[in-house]
Structures are given as C-alpha cells and as structure tokens.
Amino acid sequence: MSRRAPTPGRPRPEHAVLAAIEFLLLDVDGVLTDGRIWFDADGREQKAFHVHDASGLVYWHRSGLRSGFLSGRGGDIVERRARELGVHELMLDRRDKDVAFAELLQRHRLDPARVAYVGDDLLDLPVLRQVGFAATVPEARAEVVAACHHVTERSAGFGAARDVVEELLRARGAWDAILRRDGRA
C-alpha cells in the first residue's frame, strides 16, 4: 500500500549528515506495522511485518551498522521479530521515549546527530526533534510530519523502513555494493 507522501516540515540534512548516520531507530506500531493490532479468539496479539523492511534491516546490519526498536507498546511478537532480524537494541513499553533515547545514547556512546529515527505519532516527537535524520510515514500525524526531514513513499507496514534504509545506505555509498551482489551476502 502506498499513497502520496506529504511534504516534510524540516529541510533535508546535508549529504554528509546522512552519510554519518550509524544507528537506525524504529518505532514499531505505525512504522514497521500498518498500525492495526489484531487479536485472535484467545486474545493473543498478532501483527504483520513486511519482508522488505526485514531485508532492509539485513542490508543495514551487513553494512556494519546498528539498529533498534523503540515502542510505546511491547509484546512477544515484537521481541521475536527483533531477535530474528538481529536488532541490537529493544526498548519496549516506553512511553517516555525521550528518556529511553537518552539511555540509548549513553549506552552506545552515540551523538544524536548520528542516529536516524522513524516514528509516526506524538510520542515520537521528542526523539524526532533530536536526531540527525528524522523520518516518518505518509499516515503520520501532521505534527510529526512537520518535525521530520523525510516522509517515505511507502506506507507504514509496507516497506517504509526499507525506504529509509536505502536512503541512508545510498548516502554512505553502500547501496551499489548491495546491488552488485543482488542483495546476497
């Protein structure tokens, strides 16, 4: 699914800023998923993740870069997906995303300018305002779009995270090597 992306509110960072990003932080619901939460007859939560986002994270990690999930909700399914994808940092049930982000920066000795974050709702604003590359999805709240440098062409849950990965790997000059190998290691 895709729709025309709104215009971001902040100017795009310079190429050197994008090339220096070394940590990709992603919200889960509304970024890696389409934002809907399904429950089966037994009350177990279900979510759908897109394979293009997974491949994007694999390419990101193969390029020697780190990633994390930062979500206001939790769940076994998110923990499982993070393990499957080799995500380096998992911060769940964190509605205090600004505090969680400060902890991440300290733990990994990161400068916020070297972090990209993709979020879609108001809880994401404190982090989006601090990072070197703030991105969102077409379905994001207007206030979030206004705080971002980039709005993906693809919708939440349908490859939006992959769009951001490709942007950043192109800026680093790493995308051509991935293409030459047809995406294989």
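Reply: Please do; one may begin with Asp93, which lies in the loop between strand 5 and helix 4. Please keep in mind that this is a predicted model.

Me: What makes the phi of Asp93 worth a remark?

Reply: Most residues other than glycine have a negative phi. Asp93 is not a glycine, yet its phi is positive, at about 55°.

Me: Where is Arg94 found?

Reply: Arg94 is in the loop between strand 5 (89-91) and helix 4 (97-108).

Me: Why is Arg94 called buried?

Reply: The relative accessible area of Arg94 is 17%. Buried means under 20%. The value of 17% falls under that cut-off, and therefore Arg94 counts as buried.

Me: How do you know that the side chains of Arg94 and Glu103 are joined by a polar contact?

Reply: The contact between these two side chains is 2.9 Å. A polar contact requires a pair of N or O atoms within 3.5 Å. The value of 2.9 Å is within that limit, so the pair of Arg94 and Glu103 meets the distance condition.

Me: Which residues is Arg94 in contact with, leaving aside its neighbours within four places in sequence?

Reply: They are Leu70, Ser71, Gly72, Val99, Ala100 and Glu103. Contact here means heavy atoms within 4.5 Å.

Me: Why is Arg109 called exposed?

Reply: Arg109, found in the loop between helix 4 and strand 6 (115-118), has a relative accessibility of 79%. Exposed means over 50%; 79% is over that cut-off, so Arg109 counts as exposed. Arg109 also has a positive phi, of about 50°, although it is not a glycine.

Me: How many helices and strands does the protein chain have?

Reply: The protein chain has eight helices and eight strands.

Me: What share of the 185 residues is buried?

Reply: Buried residues make up 51% of the chain. The chain exposes about 9,100 Å², of which carbon and sulfur atoms supply 48%.

Methods
Residues are numbered from 1 along each chain as its sequence is written. This is a predicted model: local features need pLDDT of at least 70, side-chain atom pairs count only at pLDDT 80 or more; totals for chains, interfaces and linings use all residues. Side-chain values use heavy atoms; hydrogens and water are left out. Helices (H or I, at least four residues) and strands (E, at least two) are DSSP runs, numbered from the N terminus. Buried means under 20% relative accessible area, exposed over 50%, partly exposed in between (1.4 Å probe, protein chains only). Accessible areas come from the Shrake-Rupley method with a 1.4 Å probe; for residues, only the protein chains shown count as cover. A polar contact is a pair of N or O atoms within 3.5 Å; within protein, one must be able to donate a hydrogen and the other to accept it, and residues adjacent in sequence count only if both atoms are side-chain atoms.
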